[in-house]
Amino acid sequence: MDWARRAVLVTGGASFIGSHLADTLVERGARVRIVDDLSSGRIENIRQHVDEGRVEFFQEDLTAPGVADRVVKGAEFVFHLAADHGGRGYVDLHQASCATNLMLDGMVFRAGHRAGVEKIVYASSGCVYPNYLQNDPSEILYLGEDKAGPPYDADNMYGWAKLMGEKTLRAYYQDWGMKSACCRYFTVYGPRGVENHAVIAMIARAFVKRNPFVVWGTGEQIRNWTYIDDIVRGTVLAAEKISDGTGINLGTMERVRVIDAAKEVLRYLGHEAPIELHPEMPTGPYNRVADNSLAKQLLDWQPEVSFMDGLHRTIDWYVASRQRDQVAVKLEEILTER
Ligand SMILES: NC(=O)c1ccc[n+]([C@@H]2O[C@H](COP(=O)([O-])OP(=O)(O)OC[C@H]3O[C@@H](n4cnc5c(N)ncnc54)[C@H](O)[C@@H]3O)[C@@H](O)[C@H]2O)c1
């Protein structure tokens with residue numbers, strides 16, 4: 001699809017994923033508007049586009065009266081990424097905050113419908129899948145899209161809100177014909193990522209030479225960390241090819257144990273320290289990996305960046321962009337806060 005001159009709104013566009021998505025849309029010639037209250041997003045992520053007049057930026061709270069209706073006006077596509085969200089420590093420990101996403105999503109979807117936008121693309125999550133399925137790390141399990149069904153057991157208020165967001169968009173499509181696509185992101189990492197997510201947390205701990213080197217959980221947890229460039233490419237393809245609100249997994253099928261990721265971070269950064277496991281800390285499910293065959297089939301998408309390659313790129317970025325003393329001072333706080 002030709003994105004040149006298409007009017008696009010990216011909510012939460014100053015975020016890690018949102019800003020990379022904005023980069024791609026700008027590059028492809030779209031007229032990009034971003035609304036972000038900067039509660040966790042960073043203006044630095046989009047400053048160059050804003051300064052160069054390639055992105056129109058509104059620093060506003062989308063849940064404030066009138067804001068969603070105003071910013072959505074004139075948009076053909078809405079990429080809805082704004083959310084009260086953080087990594088494992090955040091979603092486990094801030095249930096009420098994450099519950100506000102029910103309201104935020106509802107307001108953005110209603111505003112999009114009222115304004116007659118062509119399509120809404122929703123940043124959903126692997127957290128919509130039932131937690132009870134994901135307890136056994138020895139099971140070779142791939143979560144196919146149909147597993148996000150009854151009996152529902154979404155991951156915290158955060159996951160329930162994403163599930164309800166998807167269901168709302170399906171209902172809008174079925175009852176009112178409003179087009180949408182739901183991208184179920186699985187644990188995204190890469191440059192501009194933040195320390196409340198596991199990969200960046202591990203890199204930060206090694207960067208400031210924490211000894212012992214703490215890892216939350218038993219280390220046996222399995223994840224399919226997915227590199228940011230793959231996520232953005234999949235999101236744009238979903239915008240182009242899905243219209244009926246289908247939820248689609250964007251995640252690799254590479255199964256990586258947390259302990260192995262931690263060892264590679266230590267090795268790559270040359271930090272020798274004993275690993276200390278903390279199973280009492282927020283850990284999340286023990287076995288979460290996507291089945292991405294539907295994305296292959298519907299979008300012709302598959303991940304291109306292996307975990308080792310993406311991890312090394314992310315570590316190189318982190319080291320080049322951070323000051324050791326500044327990270328050390330605030331590390332404990334930023335592991336669980338936004
Ligand atoms: N990072 C991941 O691994 C991951 C996985 C699954 C889904 N997601 C989803 O992807 C999206 C982007 O996440 P992210 O990790 O890039 O960072 P993020 O959580 O920081 O992104 C959310 C953005 O929304 C903004 N925001 C929050 N509330 C707002 C409000 N009321 N009005 C306006 N703006 C508001 C924040 O400032 C931030 O820029 C989120 O919807 C998140 O739930 C992320």
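Q: Strands are DSSP runs of E with at least two residues, numbered from the N terminus. In which strand does Glu276 lie?
A: Glu276 lies in strand S13, residues 275–278. The model is a predicted one.

Q: Why is Glu276 called exposed?
A: Glu276 has 11 C-beta neighbours inside 10 Å. A residue counts as exposed at 12 or fewer, so Glu276 is exposed.

Q: What is Glu276 in contact with, leaving aside its neighbours within four places in sequence?
A: Contact requires C-beta atoms within 7 Å. By that test Glu276 is in contact with Pro212, Phe213 and Val214.

Q: Why is Arg210 called partly exposed?
A: The count for Arg210 is 16 C-beta neighbours inside 10 Å.

Q: Where is Arg210 found, and what is Arg210 in contact with?
A: Arg210 is in the loop between helix H7 (198–207) and strand S8 (213–216). Apart from neighbours within four places in sequence, Arg210 is in contact with Arg205 and Ala273. Val256 is 46 residues from Arg210 in sequence and 23 Å from Arg210 in space, C-alpha to C-alpha.

Q: Is Asp146 buried or exposed, and what makes it count that way?
A: Asp146 has 9 other C-beta atoms within 10 Å. The limit for exposed is 12 or fewer, so Asp146 is exposed. Asp146 lies in the loop between S5 and helix H6 (156–176). Asp146 and Ile248 are 102 residues apart in sequence, yet 9.9 Å apart in space from C-alpha to C-alpha.

Q: What makes H7 count as largely enclosed by the rest of the structure?
A: Each residue is judged by whether 20 or more other C-beta atoms lie within 10 Å of its own. Ten of the ten residues of H7 are buried, so H7 is largely enclosed by the rest of the structure. Among them are Ala198, Met202, Arg205 and Phe207.

Q: What do the buried residues of H7 pack against?
A: They pack against H4, strand S7 (188–189), S8, helix H9 (258–269), helix H11 (307–321) and helix H12 (324–334). Just after H7, Lys209 takes a positive phi of about 60°.

Q: What makes up the largest nonpolar core?
A: A core joins buried nonpolar residues through C-beta atoms within 7 Å. The largest has 96 residues, and Cys183 and Ile203 have the most contacts inside it. H7 gives the largest share of this core, nine residues. Domain 1 (7–188 + 226–250) and domain 2 (189–223 + 254–289 + 305–334) each supply at least three residues to the core.

Q: Which residues does Cys183 touch, not counting residues up to four places away in sequence?
A: Cys183 touches Val121, Tyr122, Ala123, Ser124, Gly234, Thr235, Ala238, Ile248 and Leu250.

Q: Which residues come nearest to the ligand?
A: Of the 28 residues around the ligand, Gly12, Ser15, Ile17, Gly41 and Ala83 come nearest. Helix H1 (16–27) and strand S5 (119–125) are the elements that give two or more residues to this shell. H1 supplies three residues, the largest share. By residue type, the shell holds 13 nonpolar, eleven polar and four charged residues.

Q: Why is the protein called as compact as a globular protein of its length?
A: The protein has twelve helices and 13 strands. Its radius of gyration is 19 Å, close to the 20 Å that the globule rule gives for 338 residues, so the protein is as compact as a globular protein of that length. The C-alpha atoms fill a box of roughly 55 × 45 × 35 Å along the principal axes.

Q: How many of the 338 residues are buried?
A: Buried residues make up 49% of the 338. Among contacts with a separation of 6 or more, residues 24 or more positions apart account for 82%.

How values were computed
Residues numbered from 1 in each chain as written. Predicted model: local features only at pLDDT ≥ 70, side-chain atom pairs only at ≥ 80, totals over all residues. Near = placed C-beta within 6 Å. Helix = DSSP H or I, 4+ residues; strand = E, 2+ residues; numbered from the N terminus. Nonpolar A, V, L, I, M, F, W, Y, C, P; charged D, E, K, R; others polar. Contact = placed C-beta atoms within 7 Å. Domains from an automatic or database assignment. Rg over C-alpha atoms; globule rule 2.2 N^0.38 Å.
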